[in-house]
Amino acid sequence: MIPRYARPEMTAIWDPATKFRIWYEIEAHACDAQADLGVIPRENAEAVWKARDVEFDVARIDEIEAVTKHDVIAFLTHLAEHVGSDEARFVHQGMTSSDVLDTCFNVQLVRAADILLADMDKLLAALKRRALEHKDTVRVGRSHGIHAEPTTMGLTFARFYAEMDRNKNRLEKAKWEIATGAISGAVGTFANIDPAVEEHVCARLGLRAEPISTQVIPRDRHAMFFATLGVIASSIENVATEIRHMQRTEVLEGAEFFSMGQKGSSAMPHKKNPVLTENLTGLARLVRMTVIPAMENVALWHERDISHSSVERGIGPDATITLDFALNRLAGVVDKMIIYPQHMLDNMNKYPGLVMSQRVLLALTQAGVSREDAYSMVQRNALKVWEDRLDFRELLLADEDVVKALGVDGINEKFDMGYHTKHVDTIFARVFGES
């Protein structure tokens, strides 16, 4: 991922130096377990830890790989340069390359998930704060982009909070799903290495032993992990799209914070564009782009092939780094977002009283009017509001059929805004567990 959309902590997980450090720990812990079993001499296992504080030379490993054409062998050769050829002769005993590669990859994904979970906590906190702040800030709800019935800005933030809370739960499960390691040797049969070695290494790395591997850890685990990242990205786009619509000039019910010195357009000095949420929409596409390749990686030949390898070298860093950046950007947008309550009321009253049409319809049916007739009575007045910007209540009060059925007081009573917000507290209690 390009530096523009990358944050240092997540990027560091995918740095080659980090990868080689994890490889080293896998090999060193495996040697300890082999020594415990009496398979290799204790002094050889201890000798491997001489490299505990070594900064592995990435350029040197690349130089060796240019000859060997094998990254794990290149690393093992470099490790022997630090430990000593004779002392390192039992390193990688009974193991295959995938034992190192797959276990390392899952360690990296678990670490990435921890960062993403912290990111989600930050976003959830921002959404909750804004939801509580605007719990009773009335705005018009829209379906198909058209005015529907009143809601509140707090409910808008609350539904995004609930969605992201579900996503956090999904990510916690995806992290658990991916937190396995395999040190099972060629084709996964443990023929040349004891299962106790796998148990030992995984315990030291914070993983569970994979119940059954072939020569690779099953890729359905990774498919689920990246699918979860894709769902989170889609939720980010969901929030971003709402904010983008709110910032449109004709709507302007909310907007991204516009900082001092910021410029909206190289040509038009008046512009204040929703560039951050538009950027988030694009970044969501990039994360989702990794989902299908991860799913296609599930089907490998027999006990293994490496068709998945090149894919994961790309999608591992790209998906996690991009999502980390996007979650943090969205948290900032929500936290600093400007809300315009008066614009919300102005928009709702652009077609005066029209959003109360369903309440009038229901009242007419309860008053004994057939639904077909009630719908016709309400719609003929509502269409005049659309066409001529007349006041819906005044039209109803001038409609003899409606007045006959409901009476003047009955009509006026149907325009109480509190009717639409009376259960906000109930919804908030469901979302936040608070009254």
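Let me start with helix α6, residues 97-133, and helix α7, residues 153-178, which pack at an angle of about 165 degrees with their axes 9 Å apart; an axis here is a line fitted to C-alpha atoms, for helices over the stretch in contact, and angles run from 0 to 180 degrees between N-to-C directions. The two helices, α6 and α7, are therefore roughly antiparallel to each other, a label given to angles over 145 degrees. Their crossing is left-handed, meaning that the near helix is turned anticlockwise from the far one by less than a right angle. The residues of this contact divide into 17 nonpolar, three polar and eight charged, where Ala, Val, Leu, Ile, Met, Phe, Trp, Tyr, Cys and Pro count as nonpolar, Asp, Glu, Lys and Arg as charged, and the others, Gly among them, as polar.

Before I go on, please keep in mind that this is a predicted model, in which local features need pLDDT of at least 70, side-chain atom pairs count only at pLDDT 80 or more, and totals for chains, interfaces and linings use all residues. Residues are numbered from 1 along each chain as its sequence is written, and side-chain values use heavy atoms, with hydrogens and water left out.

Now to two histidines in loops. Most residues other than glycine have a negative phi. His144, in the loop between β1 (138-143) and β2 (146-152), has a positive phi near 60 degrees, and at 80% relative accessibility it counts as exposed, that is, over 50% relative accessible area with a 1.4 Å probe and protein chains only. His302, which sits in the loop between α11 (291-296) and α12 (307-336), also has a positive phi, of about 45 degrees, and at 72% relative accessibility His302 counts as exposed.

Key
Helix = DSSP H or I, 4+ residues; strand = E, 2+ residues; numbered from the N terminus. Parallel < 35°, antiparallel > 145°, perpendicular 65-115°, else oblique. Buried < 20%, exposed > 50% of the residue type's maximum accessible area, 1.4 Å probe, protein only.
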